[in-house]
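Visitor: I have a chain on my screen and I'd like someone to walk me through it. Can we go bit by bit?

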Amino acid sequence: MLLRILKSLLLPVLLLAVLILLQLNVTELSNRAGQWVHWMPTFIGYALPTCIGLCIASIIQRLVTLIAWDHWARRRFGGPTPRILRDISWLVIYATAILLVVTLVFQKSITGIVAVSSLSGLVLGFALQNVILDIFTGIAVHMDQPYRIGDWIKAHVGHSSEEVIGQVKEVSWRTTRLLTEENKLLVVPNSALAATVVLNYHAPAKPSRFHTYLSLDTAIPVERARRILLAGTKAAMGRDNMLTEPEPMVLVRKGDGVGIEYEIRFWIHAWDPISPAIATDRVLSSCIMHLEQAGIDLTYARQELYFEPLPERHIDLTKDAGRRRILDRVELFDCLTEDEKTMLASRMKQESFKVGSEIITQGDVGHEMYIVLEGLLEVLLTETQSTIPHKVAQLQPGEFFGEMSLLTGEPRSATIKAMTDGVVFVIDQPCMQQLFESRPRLFDTLGEAVARRRLALTDPTVASSPEANASRIQELGRQITRKMRSMFRVMFRDG
Ligand code: CMP
């Protein structure tokens, strides 16, 4: 830094030294020159101090450039200093130097100069309104820093609705120069940029989120589609600043006659080094490859013609057949035969609940279990040492609850509260007893479910990673199954 300052100042300082030396001997110099040309002494009298003034201005200007712009501002703006700031400092320093020379050397009052320049400024101001607007917005842009040199920005410029995207290459007095993706230089007046909304892809930080869409057939379960698309997206990430953190996401965007549209979100450093379009291409290509491997095609608009009676669009829950179809969606009853499901469907009762109501209260005695048909419920646990319940789980349609007390005879282990209005099916103990008699395998399925939930009440890791706790769940499941078997054996006998 010091070396650069010395190098840059060497010439003007030497020149200044020579000029000062000449100024010190100005009388002798004028006398000698006067012998040759008669107007030379007057000329030297004005020229020498003028040159000294300009030389000092040049030294100050170089110092400002090196210290303020090349060192301080480069650090502050994190890149090369905009040309406009250098130009302004240049103008101010030389204008001051000239005013001082006019006043001190030529002994002229600056009031006159200021008056003349104000008048001409007024005339010029009218003539160059737009240029001046550009200049001031250019200055504002530098103060405000909505973008820096090297950033990629998007803006609607002028009256066109067309967007321009480019990398900021230079911000000058009047214009901002953008280099577009097509390697074209776009020169945009600063006032046009100030009058529009500018999207800076590199602020506040380089990573930014992009998205693309893919539509799949409605027949493909959402979970499966999500799994495959997420794997496809993740496979494309990890190079060329396509980021693995924050993690990509797959969201269901909409469902229509064509299929289900998924939104794939991913994070990249835009244009550093690859553009969002290339990144999207890589993500889509990878997802399509993963879908092909899984034997799934992208969906397309089509019309289906049925030559059979249309399947029922709405399940009528007042009829046994309708309730029977609902049971097909409850995983717990997968092991039941058609007849057993039909029996269960005819015996279970339907009940509605309102948001905020308690369907089960912790500590109560209970002899029914429930299947959620519609709505959302929360499982609340009040620890012995506390009076405030906390939420341990959420129950959705297709899930069941109340099985613990029904099966083990113990008091209700938690409170079940409605988060929305909804509907449940109620299954009572005699009905379960009949099922156990015909299908003893249900003991094991239910025993394990009870064990998993009971452990989750005291240890939240059980719910989040049941695989890691498999042995604990199985062990407790066996104990509960034994207890259930002996309890129901007594009932079978008594019944
Ligand atoms: P029961 O004990 O009869 O009454 C409260 C019910 O809350 C309980 O049966 C379970 O069905 C349910 N339950 C308890 N713990 C959990 C859990 N961790 N996850 C889901 N449901 C639970």
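Predicted model: local features only at pLDDT ≥ 70, side-chain atom pairs only at ≥ 80, totals over all residues.

Visitor: Let's start simple. How many helices and strands does the protein chain have?

Guide: Counting up the secondary structure of the protein chain gives both kinds of element. The totals are 16 helices and 16 strands.

Visitor: Which domains does the assignment give, and how far apart are the C-alpha centres of domain 2 and domain 4?
Guide: The assignment lists domain 1 (2-127), domain 2 (146-200), domain 3 (207-293) and domain 4 (320-494). Taking the C-alpha centres of domain 2 and domain 4, the separation is 62 Å.

Visitor: What share of the residues in the protein chain is buried?
Guide: To count as buried, a residue needs a relative accessible area under 20%. The accessible surface of the chain comes to about 29100 Å², and carbon and sulfur atoms own 59% of that. Out of the 495 residues, the buried share is 38%.

Visitor: How far apart are the mean positions of the positive and negative charges?
Guide: The protein chain has 53 positive and 53 negative charges.

Visitor: Now helix 11. Which elements do its buried residues pack against?
Guide: Helix 11 covers residues 338-347, and its buried residues are Glu340, Lys341, Met343, Leu344 and Ala345. Those buried residues pack against helix 10 (320-327), strand 16 (422-428) and helix 13 (429-438).

Visitor: Is Tyr147 buried or exposed, and what is its relative accessible area?
Guide: Tyr147 sits in the loop between helix 6 (129-144) and strand 1 (152-156). Leaving out residues up to four places away in sequence, Tyr147 touches Val141, Ile153, Val168, Val171, Thr176, Leu193, Val198 and Asn200. One of these contacts, Val168, is 21 residues away in sequence, with 7.7 Å between the C-alpha atoms. Tyr147 is buried, because its relative accessible area is 6%.

Visitor: What about Thr175: which residues does it touch, not counting those up to four places away?
Guide: Thr175 belongs to strand 3 (residues 175-180). Thr175 counts as buried because its relative accessibility is 7%. Its contacts beyond four places in sequence are Glu170, Val187, Val188, Pro189 and Asn190.

Visitor: Which residues does a cis peptide bond join in the loop that holds Pro246?
Guide: Most residues other than glycine have a negative phi, and most peptide bonds are trans. Pro246 is in the loop between helix 8 (222-236) and strand 7 (249-255). There, with omega at about -10 degrees, the cis bond joins Glu245 and Pro246.

Visitor: And what is omega for the cis peptide bond between Asp272 and Pro273?
Guide: Pro273 is in the loop between strand 8 (260-269) and helix 9 (276-293). The cis bond joining Asp272 and Pro273 has an omega of about 5 degrees.

Visitor: What is the phi of Gln107?
Guide: Gln107 is in the loop between helix 4 (83-104) and helix 5 (110-127). Gln107 counts as exposed because its relative accessibility is 63%. Although Gln107 is not a glycine, its phi is positive, at about 55 degrees.

Visitor: Where does Asn183 lie?
Guide: Asn183 has a positive phi near 60 degrees, and it is a residue other than glycine. Asn183 counts as exposed, because its relative accessibility is 58%. Its place is the loop between strand 3 and strand 4 (185-189).

Visitor: Last one: is Asp459 buried or exposed, and at what relative accessible area?
Guide: Asp459 lies in the loop between helix 14 (441-458) and helix 15 (461-464). Its C-alpha atom is 9.7 Å from that of Val392, 67 residues apart along the chain. The cut-off for buried is under 20%. Asp459 is therefore buried, with a relative accessible area of 19%.

Note on methods:
Residues numbered from 1 in each chain as written. Heavy atoms only, no water. Helix = DSSP H or I, 4+ residues; strand = E, 2+ residues; numbered from the N terminus. Buried < 20%, exposed > 50% of the residue type's maximum accessible area, 1.4 Å probe, protein only. Areas by Shrake-Rupley, 256 points an atom, 1.4 Å probe, with all protein chains shown as cover. Lys, Arg positive; Asp, Glu negative; His and termini not counted. Charge placed at Lys NZ, Arg CZ, Asp CG, Glu CD. Domains from an automatic or database assignment. Contact = heavy atoms within 4.5 Å.
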